[in-house]
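Morning, everyone. Please look at the structure on the screen while I talk. I'll take a sheet, then a pair of helices.

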Amino acid sequence: MNTNPKILGEGLGFDDVLLVPRRSSIRSRFSGEIDTSAQVARGVPPIHIPLLSANMDTVTGWRMATTLALWGAFGVIHRFMSIDEQVKEARRVKERMRVMEDHPPVIPENATIADAQRLLHERERGYVIIYEGESFDGAFVGIATPRDFDAGEPVTPLREVMTPRERMWTVPPGTTLEGAVAVMRQRRIEKVPVVAEDGRLVGVYTTKDHEHYQHYPHASLDAKGQLMVGAAIGVQEGDIERALRLVEAEVDVLVLDIAHGELDYTQEILRRLKIEERIRTPIVAGNVATVEGARYVRDAGADGVKVGVGPGYVCETRDVAGVGIPQITAIMNAAEAFASDQDRLPIIGDGGIRKPGDVAKAIAAGANTVMIGSLLAGTEESPGEPVEQDGMLKKMVRGMASASAFEKRRALGESTTSADDYVPEGRTTFTPYKGKAIKVLKKLRGGLLSGMSYCNARSIEAMHDQAQFVIVKSPLAPEQRRPLQS
Ligand code: XMP
């Protein structure tokens, strides 16, 4: 037995453990008996698939975040862009699904068909609302859709092709989406404006918006029926402003992105964010890997904790700084930290997932959700285009502490260290192109369902309570040296 106080114990990574099969009453992992829904952070509605895409610039922009939320998972938009750009990305996710459009595209009646086409392209909508006079004040005179545009030339004024208000069906405020759909079906129309008693436009319902809800029954939705999205912020002075702007854009979770979350200024910035009246959005903080680290983040007021120091595929922290905790132990440490808490802080296991079985193991160790970087970097929805290498299509993935990412961070004013003096703790590499992200999601969720059925766990909480591990006695291999599963 070890008695040297310098050695705190042994650490276990994903490959060092296996889940123990136990007697199970679950008929099949496909029988619908298993509920994988989990919370990303306190105060956020549970998501159907407990997976998050990492806030890395080769993983999560608006496309990844939108896709994940549509299928019931969750994306965290990276912060390595200007505040305006990040806000725009978050808004794009929010605008993808809506019960009612309360900011429809509006245009004056003397505008041309070409003007309307430009507006529709910008706003990605299938109609424009037309008003009279200098500026839109809620009163409107008609609606036009691309089908109406066929009736004129690009220079034709909209008033000549629009459907005038007198010929439009409308519904009063308070009508539900289903109620509006019934009207649209009966009248054989695809859009119906919601109009107040004084004649002002309140919003527009469309059959298309309704279809989205039908098509994605498990989508991760906020209270207004919009897709949920998270966004990362840093710890610089300007990040308070970034947080405020992201809150205005209605992001559901702010993720404080610090490699070593147990720093004094984590507490400082959390305090500053939490006293800010305008910020009621839950904040996840990290990254930590020890019992003390998890408690520190909890006591600093975070609504969720991100766990993982060094397990990432493109991480070099363990090699460069010599620091890290194997990921199963890191997650178990956080779970131990909160073991006697009444309202346990949700734990995000961040990094190191190479195979579907790793997700089940991370959750069995105590994670509520799991954050994925490199496995999603190779998909169609990650930022950037695939390139051909050795006869194969690949996409770039890079650590946010890599030399090339540092160049970008320097250009954004985040650091004044010269590139020569910077010691990277991440690498840049290429991962096989995998097509749509949903394929990866399905594989990972399928593995989780299977792992849960072997453990007789019908919920994430049951997995926490019931699952047990055996340690595999094979030479320990650092997680990042394992091949990335395609
Ligand atoms: P995976 O294994 O899914 O891990 O690719 C994603 C997580 O890796 C972390 N990350 C880094 N860690 N240096 C590090 O030490 C880096 O440059 C770096 N970039 C990303 C991060 O926590 C991410 O979610």
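Start at Val387. Which residue in E17 does Val387 stand opposite? Lys394. Bear in mind that this is a predicted model.

Now widen the view from that pair. Strand E17 covers residues 392–398. Three bridges join E17 to E16, and the two strands run antiparallel. A quick reminder here: strands of a sheet pair through backbone hydrogen bonds, either parallel or antiparallel.

Next, the whole sheet. The sheet is open and has three strands. Their order is E16-E17-E18, with antiparallel pairing. Which strands sit at the edges? Strand E16, residues 387–389, and strand E18, residues 428–432. Each of these edge strands pairs on one side only. Neighbouring strands of the sheet are turned against each other as well, by 55° on average, direction ignored.

On to the helices. Two packed helices are described by the angle between their axes and the distance between the axes. Our pair is helix H1, residues 62–71, and helix H2, residues 83–95. They pack at an angle of about 30°, and their axes are 9 Å apart. Angles under 35 degrees count as roughly parallel, so H1 and H2 are roughly parallel to each other. Is their crossing left-handed or right-handed? Right-handed.

Who makes the contact? From H1, Trp62, Ala65 and Thr66. From H2, Glu89, Arg92 and Val93. Sort the residues of this contact of H1 with H2 by type, and you get three nonpolar, one polar and two charged.

That's my part. Questions, please.

Notes. Residues numbered from 1 in each chain as written. Predicted model: local features only at pLDDT ≥ 70, side-chain atom pairs only at ≥ 80, totals over all residues. Heavy atoms only, no water. Pairing = 2+ DSSP bridges. Helix = DSSP H or I, 4+ residues; strand = E, 2+ residues; numbered from the N terminus. Axes fitted to C-alpha atoms, helices over the stretch in contact; angles between N-to-C directions. Parallel < 35°, antiparallel > 145°, perpendicular 65-115°, else oblique. Left-handed = near helix turned anticlockwise from the far one by under 90°. Contact = heavy atoms within 4.5 Å. Nonpolar A, V, L, I, M, F, W, Y, C, P; charged D, E, K, R; others polar.
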